[in-house]
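The exercises below concern strand pairing and charged side-chain pairs. Work through each task with the structure at hand before reading its solution.

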Amino acid sequence: MIPYNIFKYVYPPRPENALPSTLLNTYDNNVYIGSPKLNGDCMLIFTNGIETHIRDRHNKPFLKAISPSLLPQLKKLHKESADDKKNKWMCIVGEYMIKSKKDGNGKLFNEKFVIFDIIVFDSMQLIGKTFLQRQELLDDLYGCSTEAHPGCYIDKFLYATEHKDIYRARYFTTSFLSLWNELVDIDMYEGWVLKMANSPLENGLGEKNNTKSQVKFRKPTKNYKH
C-alpha cells in the first residue's frame with residue numbers, strides 16, 4: 001500500500017476480456033469470485049468526509065446529472081477505521097444506475113448507486129490488497145444486509161446499505177452458471193464478472209489494470225455477442 005493524503009485520480013480495475021457464458025463452468029474452481037455486472041455508468045467517489053470528488057472511469061468529472069436526493073447520501077459514504085476522526089481519504093467504485101433499466105419486478109432501477117470495489121481507505125491506496133480482502137473490507141464498512149429500506153428493491157444479487165438508494169453488488173464463490181441463468185432475465189444486469197479472489201490490486205496509473213485477473217460475461221446485444 002502507498003499513502004494517499006491529497007485528492008488525485010486513481011483508475012479502477014476494469015475487466016477487458018469478454019468470454020461466452022458457455023465457459024462459466026470452467027471457472028467454478030475455487031479460484032474466482034463472481035459478481036453481477038450492472039448496466040449503468042461507472043462512478044468513483046473520492047472523499048475525506050470534507051471534500052467529495054465524483055469522477056467517471058476516464059479521469060473526468062462525472063457529468064451526468066446525479067439525483068438531488070442521492071447526492072447527500074453519496075457524501076455520507078465516508079468511513080475510517082480510527083475512533084478519532086482524521087478525515088482520511090477513501091475511494092469507492094460503483095455503478096450509477098441512470099439508463100432506465102428495470103429490476104426483477106419490472107420497475108425502473110434509476111438514480112441508484114451500487115458499490116462493487118474500494119481502492120483507497122484510511123488515506124492508503126490499497127495496492128497489494130486482494131479482491132477478496134477488499135470485499136471483506138466493504139462487508140465491515142457497509143454490512144451485508146439483505147433487507148432494503150421500505151419501498152426499495154433488493155434481490156439476491158445485491159446487498160442494501162444504511163443509505164437509501166445505495167447498494168452493494170454481492171459476491172459469490174460458486175455456482176456461477178446457475179446464477180448467470182437467473183441473472184440474464186433481469187434487465188438492469190449486463191452480465192457477470194469473475195475476479196481471482198487472491199489477485200492483488202495494482203497501481204491504477206492507467207485505464208487498463210488488473211485485466212489479467214478478471215473476465216466478463218455479457219448478455220448478447222446487437223453490438224457484441226458476449
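**Exercise 1: a sheet and its helix**

Strands S3 and S11 pair in the antiparallel sense, over 7 bridges. Strands and helices here are DSSP runs numbered from the N terminus, with at least two residues (E) for a strand and at least four (H or I) for a helix; two strands pair if DSSP finds at least two bridges between them. The model is predicted: local features need pLDDT of at least 70 and side-chain atom pairs count only at pLDDT 80 or more, while totals for chains, interfaces and linings use all residues. Residues are numbered from 1 along each chain as its sequence is written, and side-chain values use heavy atoms, leaving out hydrogens and water.

Solution. 
1. The order of the open sheet is S2-S12-S11-S3, 4 strands with mixed pairing.
2. Strand S2 (17–18) and strand S3 (32–38) each have a single partner strand, so one side of each edge strand lacks a neighbour in the sheet.
3. Across the pairing, Pro 36 is opposite Trp 192 in S11.
4. Helix H3 (residues 176–183) packs on this sheet and touches S3, S11 and S12; contact means heavy atoms within 4.5 Å.
5. The direction of H3 makes about 160° with that of S11, where axes are lines fitted to C-alpha atoms, for helices over the stretch in contact, and angles run from 0 to 180 degrees between N-to-C directions.

**Exercise 2: salt bridges**

Solution. 
1. The structure holds 12 salt bridges, each defined by a side-chain nitrogen of Lys or Arg within 4 Å of a carboxyl oxygen of Asp or Glu.
2. Arg 57 lies in the loop between S5 (52–55) and H1 (71–75), and Glu 207 in the loop between S11 (189–196) and S12 (214–218), so their bridge ties together parts 150 residues apart in sequence.
3. Arg 57 is partly exposed at 23% relative accessible area, and Glu 207 is partly exposed at 32%. Buried means under 20%, exposed over 50%, and partly exposed in between (1.4 Å probe, protein chains only).
4. Arg 134 is in helix H2 (residues 131–142) and Asp 117 in strand S7 (residues 112–121), 17 residues apart.
5. Arg 134 is buried at 3%, and Asp 117 is buried at 1%.
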